[in-house]
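Here's a quick briefing to read with the model open beside you. Have a look at the fold, then work through the points below.

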Amino acid sequence: MLEGKALIEDTDMPVKMQAQAMASASQALDLYDVVDCKSVAAHIKKEFDKKYGGGWQCVVGSNFGCFFTHSKGTFIYFTLETLNFLIFKGASS
């Protein structure tokens, strides 16, 4: 596992949820190849849906742009290994 080696770029998540995000990312990287970003993202999304209720989104990769609205307290953007991780719960319109 790779906990403690992630670099948080930005977040508004509670600390406990941040730790869960990084642990889920580390676990996903243990299960899937680093180039299989889709499977890594799906694993993290499913973990967050199960633990915190549905509606979570996860983007994983080394180069992506995004623009979104999220629910307060549900956003984290961090780097682990060579990948960037964006996890958030979409805001209700």
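Let's start with Y32: with a relative accessible area of 31%, Y32 is partly exposed (buried means under 20% relative accessible area, exposed over 50%, and partly exposed in between, using a 1.4 Å probe and protein chains only). Bear in mind that this is a predicted model, where local features need pLDDT of at least 70, side-chain atom pairs count only at pLDDT 80 or more, and totals for chains, interfaces and linings use all residues. Residues are numbered from 1 along each chain as its sequence is written, and side-chain values use heavy atoms, with hydrogens and water left out.

**Around Y32 and V40**

- Y32 sits in the loop between α1 and α2; helices here are DSSP runs (H or I, at least four residues), as are strands (E, at least two), numbered from the N terminus.
- Leaving out residues up to four places away in sequence, Y32 touches S39, V40 and H43, where contact means heavy atoms within 4.5 Å.
- Y32 and H43 are 11 residues apart in sequence, and their C-alpha atoms are 9.3 Å apart in space.
- V40 belongs to helix α2, and V40 is buried because its relative accessible area is 0%.
- Not counting residues up to four places away in sequence, V40 touches A28, L29, Y32, D33, V60 and F85.
- From V40 to A25 is 15 residues in sequence and 7.3 Å in space, C-alpha to C-alpha.

**How α1 and α2 pack**

- Two packed helices are described by the angle between their axes and the distance between the axes.
- The axes of α1 and α2 come within 9 Å and cross at roughly 140 degrees; axes are lines fitted to C-alpha atoms, for helices over the stretch in contact, with angles running from 0 to 180 degrees between N-to-C directions.
- That angle makes α1 oblique to α2 (under 35 degrees counts as roughly parallel, over 145 as roughly antiparallel, 65 to 115 as roughly perpendicular, and the rest as oblique).
- On the α1 side, the residues that meet α2 include M17, Q20 and A21, and on the α2 side the residues include V40, H43 and I44.
- The residues of this α1 and α2 contact split into 10 nonpolar, four polar and two charged (Ala, Val, Leu, Ile, Met, Phe, Trp, Tyr, Cys and Pro count as nonpolar, Asp, Glu, Lys and Arg as charged, and the others, Gly among them, as polar).
- E47 lies in helix α2 and is partly exposed, at 22% relative accessible area.
- Setting aside neighbours within four places in sequence, E47 is in contact with S24 and Q27.

**The largest nonpolar core**

- This core has 21 residues, and I44, F48, V60, F78, F85 and I87 touch the most other members; a nonpolar core is a set of buried Ala, Val, Leu, Ile, Met, Phe, Trp, Tyr and Cys residues joined through side-chain atoms within 4.5 Å.
- α1 (15–31), α2 (37–52), β2 (56–61), β3 and β4 each supply at least two residues of this core.
- α1 gives the most to this core, with six residues.
- Apart from neighbours within four places in sequence, I44 is in contact with S24, A25, A28, C58, V60, F85 and I87.

**Two loop residues**

- F75 is in the loop between β2 and β3, and F75 counts as buried because its relative accessibility is 12%.
- E81 lies in the loop between β3 (76–80) and β4 (83–89).
- Phi of E81 is near 60 degrees, a positive value in a residue other than glycine.
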